[in-house]
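Open your viewer and get ready to select residues by number.

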Amino acid sequence: MDAHIVGWGHTAFGALKDKTFEDLILEAAGEALEHAGLPAGDVDAIWLGHFNNALVPDAFASSLVLGLDPALRFKPATRVENACASGSAAVYAARDAIRSGRIRTALVLGAEKMTEQDTKGVTRALAGASYQTEEAGVSFPQIFARFAQAYFQAYGDQSEALARIAAKNHAAALDNPLAHLRKDLGFEACNTVSDRNPVIAPPLRMTDCSLISDGAAALVMTADDMASDFPRQVGFRASVQVNDFLPMSRRDITELTGARQAFAQAFEAAGIGVDDLDLAEVHDCFTIAELLIYEAMGLAEKGQGARLVRDGGTVRGGRPPVNLSGGLKAKGHPVGATGVSMHVMAARQVTGTAGQMQVPGAELAAVFNMGGSGVANYCSILEARS
């Protein structure tokens, strides 16, 4: 017994001032149920990935989705949190429940409303996802700046490579109508410090940082022996969760070791290598994270990620292209929604329904979602089933 994804929904990502947190949940959930053709009353259980940490006052949000349809009343609903990987945590919890035989159908949501806070408020909330004993008061741009500083010290200044990653993802977002920032910034603008692109935490510039976004995404998942009743079926070739030490002081911050472990285990479980992937959606919360993920997944040797970037190995037409949705960098990063969003984008690709983002003939897609400073690591390999 396993779970198949049979429907999905996805709001636009952005500064959605006219929508409440509840509005976003209801929109994504309603679209997913309609897309699957599943009556609300047939849902057995609900999971919500939601970080929050005072981003919104809704500290108890798991039952908000019940307002979508009276038939959802009395359904078990649970909120899960694993920092910026909260969405994938919800996906995995639902899959586990289906695999155990405890339930047959699940509605999985990821949602975050970040723009109710100003930048300082968002920075303060996200900083709660670090090791408070040693890292309290350190913002996440500063956290990932430490990765960049360590990497640059070991392998030389990689600012140009980071700018190319930013420019790649912004260009890709032009093909994603749901992306937060659909604007091709270009390499020169991303590589130049200016009033519009200041240094946020040396060496990271504004264009090296993901966006403060609102948004939600949803999946309908069913037991595989039910999946033939639905027009779309996406299976998990593999799914792996790896958690690393929380303190950065206990890790080598010239790499994402947890990510490396997650990819290795996922590839082994799936019986594939990185060259078998048709595309990947990965956690580019900062451009240095995407560079380190290239090396973690085996696209480049340690310290050689910049060469892959210069050679265009991860752009459209590369093997594999990475973040054709625009990634967190340009699609947006409403933190609780991100993991579910990545699974939606990958599911659309392997079912040939990704519109202008589509990789022709895509069969295998990797999703990598990360919580904290490389602490919670989730890697899924998705494929279409028939």
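What follows H2, and is its phi positive or negative? Select residue 101: glycine 101 comes after H2, and its phi is positive, near 85°. A note before we go on: this is a predicted model, in which local features need pLDDT of at least 70, side-chain atom pairs count only at pLDDT 80 or more, and totals for chains, interfaces and linings use all residues. Residues are numbered from 1 along each chain as its sequence is written, and side-chain values use heavy atoms, with hydrogens and water left out.

**Stop 1: helix H2**

Select residues 86-100. This is helix H2, with 15 residues. Helices (H or I, at least four residues) and strands (E, at least two) are DSSP runs, numbered from the N terminus. From first C-alpha to last, H2 reaches 21 Å, close to the 21 Å expected at 1.5 Å a residue. That expected span is 1.5 Å times one less than the number of residues.

Now colour the buried residues. Buried means under 20% relative accessible area (1.4 Å probe, protein chains only). H2 is mostly covered, with 11 of its 15 residues buried. Among them are Val91, Tyr92, Arg95 and Ile98.

**Stop 2: the whole chain**

Zoom out. The protein chain has 12 helices and 11 strands. Its C-alpha atoms fill a box of roughly 55 × 45 × 40 Å along the principal axes. Buried residues make up 62% of the 386 residues.

**Stop 3: the largest pocket**

Select Met206, Thr207, Cys209, Ser210 and Leu211. Of the 35 residues lining the largest pocket, these lie nearest its centre. A pocket is found on a 1 Å grid over the protein atoms alone: it is an open set of points with protein on both sides within 12 Å along at least five of seven lines, while a cavity is a set where a 1.4 Å probe fits but cannot get out; lining residues have an atom within 4 Å of a point.

The pocket's volume is about 890 Å³. Grid points are joined across faces, edges and corners, and a volume is the space filled by probe spheres set on the points.

**Stop 4: the cavities**

How many cavities of 30 Å³ or more are there? The count is two. For the largest cavity, select its lining residues, including Phe147, Asp244 and Arg251. About 40 Å³ of space lies inside. Helix H8 (residues 257-270) gives the largest share of the lining, three residues.

Definitions and conventions: Buried < 20%, exposed > 50% of the residue type's maximum accessible area, 1.4 Å probe, protein only.
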